[in-house]
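Please open the model in your viewer and keep a selection panel at hand.

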Amino acid sequence: MNITLEQAEKILKGDLPFSLLGFSMMIARLKNTYAKDPSQTTLQTCADEMNSFLRKFKGAMANDYSAIARL
Amino acid sequence: MFMTFDEVSKKIVGGALLHVAGTETLLKKLPKGSWVGGSTEYFMAKGGGKVSNDCLFVTEFPYEGFSISSYGAAEIENVAADAFDNGFSIVIVPFDSAVHKKYAENASGFKDMFLKNIVGWISGMNLGTSGQTPIAVDGATTTAYADKAVALHLKVPDDKTVAVNMINIFAQDENSPVIEFEEEGFSVTKCLVDGKETVLADYLAQNGIDTKLPLVGNYSGHGVNISFKSIENGVVNFYAPVFSGIKYKMAKGIPNYEKEFNSRIEGFKDTNAAFSCNCVLNFLYGELEGKQIDAFAGPITFGEIAYQLVNQTLVYVTVN
C-alpha cells in the first residue's frame with residue numbers, strides 16, 4: 001500500500017471521508033498546511049506523512065486505502 | 001471501577017498499575033505507586049452518573065511496560081514522541097492551565113501525534129464548590145500539578161492492536177450555514193458564515209442558537225465538537241479552540257440526551273474499553289446523574305483527548 005503524489009493531492013483538495021479517526025484528524029491538519037503552501041515540497045511532505053501512517057496502521061487502514069486507491 | 005479511598009490505597013500498595021480519577025483532596029492523600037490521577041467529582045459508574053467527593057474511579061491495567069511523565073507547556077510537544085510504538089498513552093491536563101492551552105492549540109502538530117495512540121482528559125473540579133484546583137498527579141512521586149500534564153504511557157504486547165475511538169452523539173445540522181474561522185483559538189469575535197464576515201456573537205443571538213449544542217467541525221468524515229463556554233462583550237469563548245481550514249456547522253438538536261446516548265451506545269455494548277471518559281457537558285446538559293448509561297464507565301471530564309482536544313464527546317480505547 002502506498003499513496004502516490006497524485007492521490008495525496010486529491011485527498012488534500014477533496015472531501016473524501018475516512019473511517020479511522022487518527023487519519024481523518026491528520027488529514028485535516030495536512031489540508032490546512034497544503035492550503036497555506038501548495039508547493040511540491042509540501043505535497044511530498046504530506047504524502048510522506050500519509051504513507052507513514054499507512055505503514056503503521058495498514059491493517060486498520062484497509063478499507064480507507066481501498067477508497068484512496070480508486071482516486 | 002468506583003472504589004473507596006482505602007480500597008484504592010490497598011491496590012496501589014499492592015503494586016497495581018492504575019489510572020485514578022477523584023477529588024483533589026483524595027488524590028493528594030493516596031500513597032506512592034504505579035498510578036496517575038486527575039481531579040473530577042463527576043463519574044459515569046455502573047448504575048449511572050454519580051457526583052462524589054468520597055470515592056475514586058479506578059481503571060487497572062494488566063501491562064508490564066509503562067512509564068509516567070509530566071509535561072509543562074514547554075515540554076508537552078514531546079508527549080506523543082515519548083509514547084510506546086505499540087501501546088497507548090493517557091494524558092491528564094489541568095483545566096485552564098498554560099499546558100491546557102498549548103495542548104489544545106497545537107497537539108495535531110506534535111511529533112508522532114497520529115502515529116501513536118493518544119487519549120486523555122482535562123481535569124477539573126466540582127462546578128458548585130469554590131477553592132478547588134484542577135490537578136494531574138504523578139503517583140510515582142505523589143506530585144500533584146496544577147501547571148503540568150501527566151501522562152501514563154502504556155506498552156501493550158506485540159500481538160495486540162490498540163484503537164482510539166470516540167462516540168459523538170452530535171452531527172452537523174444540514175440546515176446550518178458553514179461557519180469558518182480566520183482567527184484561531186479559544187476565543188473569537190468574527191467568523192465567516194457561508195463565506196460572509198460576521199460577528200459570531202451577533203449571529204448566535206440573531207438566530208436564537210442554543211449554545212448548549214456545540215459547533216461540529218468536519219474532519220474528513222468525523223465530527224469534532226467545539227463547545228460554547230460563554231459570550232462576553234461580543235467575544236465568544238469556547239472549551240476548545242476553533243481552527244482555520246475546518247468547516248464547522250451548528251449541531252443538530254437532540255430532544256432527549258439520555259435516550260440518544262443509550263441509543264448510540266447500544267451498538268457498542270459488547271465493546272471492552274480499556275479506558276474511557278465522557279464530557280461534563282454531556283453529564284450536565286443531559287442530566288445524566290443517576291441515569292444509567294450502560295457501557296463506558298469512567299471519569300466525567302472537562303475536555304476529552306482523542307489525539308487532539310475534543311468536547312461533548314465520549315472517548316475510548318480498545319486493545320484487541
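Begin by selecting helix α1 (residues 5-13) of chain A together with α2(A), whose axes come within 9 Å and cross at roughly 95 degrees; axes here are lines fitted to C-alpha atoms, for helices over the stretch in contact, with angles running from 0 to 180 degrees between N-to-C directions. Because angles of 65 to 115 degrees count as roughly perpendicular, α1(A) and α2(A) are roughly perpendicular to each other. Helices are DSSP runs (H or I, at least four residues), numbered from the N terminus.

This is a predicted model, in which local features need pLDDT of at least 70 and side-chain atom pairs count only at pLDDT 80 or more, while totals for chains, interfaces and linings use all residues. Residues are numbered from 1 along each chain as its sequence is written, chains are lettered from A and ligands numbered from 1 in the order in which they are written, and side-chain values use heavy atoms, with hydrogens and water left out.

Now show the side chains where A:E9, A:I11, A:L12 and A:K13 of α1(A) meet A:I27, A:L30, A:K31 and A:Y34 of α2(A), contact meaning heavy atoms within 4.5 Å. By class, this contact has five nonpolar, no polar and three charged residues.

Then turn to the largest nonpolar core, which has 123 residues and in which A:F23, A:M50, B:F88, B:F181, B:L215, B:F238 and B:Y248 have the most contacts. A core is a set of buried Ala, Val, Leu, Ile, Met, Phe, Trp, Tyr and Cys residues joined through side-chain atoms within 4.5 Å, and buried means under 20% relative accessible area (1.4 Å probe, protein chains only). The helix that gives the most to this core is α2(A), with eight residues.

Finally, which cysteine sulfur is closest to that of B:C277? Select B:C279, whose sulfur is 9.0 Å away, too far for a bond, since a disulfide is a pair of cysteine sulfur atoms within 2.5 Å. B:C277 is buried, with a relative accessible area of 1%, and B:C279 is buried at 3%; the count over all chains comes to zero disulfides.

Definitions and conventions: Buried < 20%, exposed > 50% of the residue type's maximum accessible area, 1.4 Å probe, protein only. Helix = DSSP H or I, 4+ residues; strand = E, 2+ residues; numbered from the N terminus. Parallel < 35°, antiparallel > 145°, perpendicular 65-115°, else oblique. Nonpolar A, V, L, I, M, F, W, Y, C, P; charged D, E, K, R; others polar.
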